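Here are my notes on this entry. Please read them with the model open.

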Amino acid sequence: MKAVAVKPKTQNSVHLVEMDKPSVSDIKDGRGVLVEVLRVGACGTDREINNGEYGVAPPGFDFLVLGHENLGRVVEVGENVKELRPGDYVVATVRRPGTSIYDTIGEQDFTTDDEYFERGISRLHGYMAEFYSESSDFLVKIPPKIVEIAILLEPLSIIEKGLKQASDIQERLKIWHPKTAAVLGTGSVGLLASMALSLRGYEVHGFGRDKREGYLNAELVEAVGGTYDSTAELTIPDSVKKYGEYDLIFECTGYSPIVFDAMQALNQNGVLILSSVTGGSRTVDAVPADKINQQFVLGNRVMFGTVNANREHFEGGVKDLALCEAMYAGWLGRMLTHKVEGLDNYARVFEILNNAGGFKAIKTYFEVSKI
Ligand code: BGC
């Protein structure tokens with residue numbers, strides 16, 4: 001079968017490879033599932049891996065099959081799989097257990113291992129292939145009614161985990177009724193965060209670099225009831241004069257200096273969530289350190305980082321996708337701006353990914369096989 005791979009740590013090495021078709025018996029204990037890949041999304045992580053900044057090949061290989069945003073159809077199940085059957089639609093989680101105590105209790109998204117295992121990213125082949133096999137434990141069933149937009153489940157799972165951590169952390173307060181949220185970044189992750197916060201009843205304020213006029217992402221934030229401002233015209237600290245301090249801020253820009261702006265815009269008892277994996281080496285000057293520190297101390301403010309997602313966050317994401325379709329029919333479909341047919345056209349996917357602004361792309365994905 002065909003697959004799209006890179007040579008990790010080598011710039012622009014994306015290429016097609018020919019591999020053996022996997023089988024259910026690759027997985028022990030009769031828990032294997034053979035899945036036909038229907039769609040695979042491409043995101044900033046794939047771009048960074050193809051830039052040679054990130055990514056590790058599986059042991060014994062000098063290439064890594066890419067792809068972690070996925071949607072597939074079950075072809076065959078092992079004898080101990082009772083919860084899935086051929087024809088079911090599934091999305092697979094990304095990280096697999098390593099050795100830390102968190103991994104051994106099924107919380108590998110909190111691993112403390114330096115070497116972690118993520119399909120399509122780190123030490124495990126991904127889903128940019130015609131088929132994959134996996135244990136049923138890592139597959140989440142997709143209701144047929146939302147299959148068309150289910151390729152957005154993996155990126156949404158990152159938001160679901162972030163929001164779950166925020167509410168867990170805020171249990172420190174005996175009462176917390178957050179009202180306003182700022183979402184920094186209105187790429188696909190920021191848009192999904194805006195949607196998830198809007199579904200939870202927040203007043204949502206989205207911020208991006210682009211001007212409002214003719215910007216689809218801004219329209220989408222407004223379509224779920226939010227506001228949109230360009231940070232070229234309104235900085236995050238200044239936005240507080242317009243909207244007040246935010247009870248929750250979700251950072252998803254990929255631009256780390258904005259974190260220090262966000263720290264100055266958080267309400268008392270508020271929570272700032274960081275989700276950008278910034279592989280570069282940026283530094284910032286002139287951070288008002290005393291002011292920020294004092295505000296954090298005197299206002300009991302919290303900032304935390306979040307990565308990856310576990311099965312429960314994918315399951316929460318399925319519910320939010322369905323609720324979003326019920327409340328804002330067609331909204332998620334508008335995010336799927338660029339479909340590329342066939343794995344052979346990988347060069348096109350990376351051309352769009354490397355110039356998402358120019359292409360006005362929100363979500364770019366391969367259609368590997370028809371739904
Ligand atoms: C993926 C996560 C992963 C993270 C770090 C993200 O793009 O969605 O599943 O944990 O990259 O590798």
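1. Residue classes first. Ala, Val, Leu, Ile, Met, Phe, Trp, Tyr, Cys and Pro count as nonpolar; Asp, Glu, Lys and Arg count as charged; the others, Gly among them, count as polar. On that basis, the shell around the ligand divides into six nonpolar, three polar and three charged residues.

2. Basis of the notes. This is a predicted model: local features need pLDDT of at least 70, side-chain atom pairs count only at pLDDT 80 or more, and totals for chains, interfaces and linings use all residues. Numbering starts from 1 along each chain as its sequence is written.

3. Ligand shell. Cys43, Thr45, His68, Val94, Arg95, Glu118, Ile121, Glu154, Ile158, Val277, Val307 and Asn308 surround the ligand. A residue is near a molecule if its C-beta atom, placed from the backbone, lies within 6 Å of it.

4. Domains. The domain assignment, automatic or from a database, gives domain 1 (2-142 + 337-367) and domain 2 (157-305). Their centres, taken over C-alpha atoms, are separated by 29 Å. Nine residues from domain 1 and eight residues from domain 2 make the contact (C-beta atoms, placed from the backbone, within 7 Å).

5. Sheet. Three strands form an open sheet with mixed pairing, in the order β7-β8-β9. Strands are DSSP runs (E, at least two residues), numbered from the N terminus; two strands pair if DSSP finds at least two bridges between them. The edge strands, β7 (95-96) and β9 (123-124), each pair on one side only.

6. The β8-β9 pair. Strand β8 (residues 117-119) runs parallel to β9, joined by two bridges. Which residue of β9 is the bridge partner of Arg119? Leu124.

Key. Helix = DSSP H or I, 4+ residues; strand = E, 2+ residues; numbered from the N terminus. Contact = placed C-beta atoms within 7 Å.
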